[in-house]
Amino acid sequence: MSWTRRSRAALAVCVLLLAGSAGCGTDDAREGGASPSPVGQVLEDRDQEGRPLREVGQEGAPGVGIEVQPDAAGGWDVRLTVRNFRFSPAGATARAVAGRGLARLYVDGRPVARLRAPAYRLDTRLVPRGTHRVTARLYADDGTVWAVDGKPVESTADITASEPGPGMTPDAASRRKARTQGTDSGGRGSPGRVQGAS
């Protein structure tokens, strides 16, 4: 092999090594070890369960609306309407992906279900006599709470459960008054703006 061929081969190897090492580094190495969030910005603020909020901009932010109606069996049918959001299947990778995740359902601030679909049936035992707040909050698959303007993306409905009156069967009485008021307690890109969205 001549000297020219050897130098070209050596040059090609050097180019490959340099290109490979430049592409092998991560952003962590370039930013002093700080790993940037893949989506939005993780805030110091947390929800009532201690999960951090993941702030995203208003434009294209996920949103949720909630409707709760009594069902024929005495429970409550919960329907969520989401915007810019898709439910992840069970077993999804625990990382934040824009507009993906699950919803958590709360009754009077107590967690009752993790939802990976827009429909759920609340059992009568979870909603005793009285007025209750049913809240749906959106989470990324890594457990962070989607947030807009520093507030969780969530929607709340008030429902009232009453006892059987004269001549009513317990099942009929359990089809109580549903005062569903999609209360906006989240950011501007969330609950109250999802009416009629799919």
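User: Which side chain does T160 make a polar contact with?
Analyst: A polar contact of 3.1 Å joins the side chains of T160 and T131. A polar contact here is a pair of N or O atoms within 3.5 Å; within protein, one must be able to donate a hydrogen and the other to accept it, and residues adjacent in sequence count only if both atoms are side-chain atoms.

User: What sort of model is this, and how are residues numbered?
Analyst: It is a predicted model, in which local features need pLDDT of at least 70, side-chain atom pairs count only at pLDDT 80 or more, and totals for chains, interfaces and linings use all residues. Residues are numbered from 1 along each chain as its sequence is written, and side-chain values use heavy atoms, with hydrogens and water left out.

User: Back to T160. Buried or exposed?
Analyst: T160 is buried, with a relative accessible area of 18%. Buried means under 20% relative accessible area, exposed over 50%, and partly exposed in between, with a 1.4 Å probe and protein chains only. T160 is found in strand β12; strands (E, at least two residues) and helices (H or I, at least four) are DSSP runs, numbered from the N terminus.

User: What about R137, buried or exposed?
Analyst: R137 is buried, at a relative accessible area of 6%, and lies in strand β9.

User: Which side chains does it make polar contacts with?
Analyst: The R137 side chain makes one with the side chain of E154 at 2.6 Å and one with the side chain of Y139 at 3.3 Å.

User: And what is R137 in contact with in general?
Analyst: Contact means heavy atoms within 4.5 Å. Leaving aside neighbours within four places in sequence, R137 is in contact with D47, Q48, L102, A103, R104, Y106, V145, P152, V153 and E154.

User: Switching to the largest nonpolar core. Which residues touch the most other members?
Analyst: Of its 31 residues, those are I66, V68, L80, L105, L122, V134 and W146. A nonpolar core is a set of buried Ala, Val, Leu, Ile, Met, Phe, Trp, Tyr and Cys residues joined through side-chain atoms within 4.5 Å.

User: Which element gives the most to it?
Analyst: β4 does, with four residues.

User: What does L80 touch?
Analyst: Beyond its neighbours within four places in sequence, L80 is in contact with V64, G65, I66, F87, A103, L115, P118 and A136. There is also a second, separate core of six residues, including L53, L102, Y139 and V145.

User: Where does R110 sit, and what does it touch?
Analyst: R110 is found in strand β7 and is partly exposed, with a relative accessible area of 41%. Not counting residues up to four places away in sequence, R110 touches L105 and L126. The C-alpha atoms of R110 and R133 are separated by 9.9 Å.

User: What is the phi of N84?
Analyst: Phi of N84 is near 55 degrees, a positive value in a residue other than glycine. N84 lies in the loop between β4 and β5 and counts as partly exposed at 38% relative accessibility.

User: And D149? Where is that one?
Analyst: D149 is in the loop between β10 and β11. D149 has a positive phi of about 55 degrees although it is not a glycine, and it is partly exposed at 42% relative accessible area.

User: Last topic: what is the mean pLDDT?
Analyst: The mean is 76, and 63% of the residues reach 70 or more. pLDDT is the predictor's confidence in each residue, from 0 to 100.

User: Where does it stay under 50?
Analyst: Residues 11-37 are one such stretch, with nine contacts beyond four places in sequence in the model. Over residues 170-198 the pLDDT is below 50 too, and that stretch has 100 contacts in the model beyond near neighbours in sequence.
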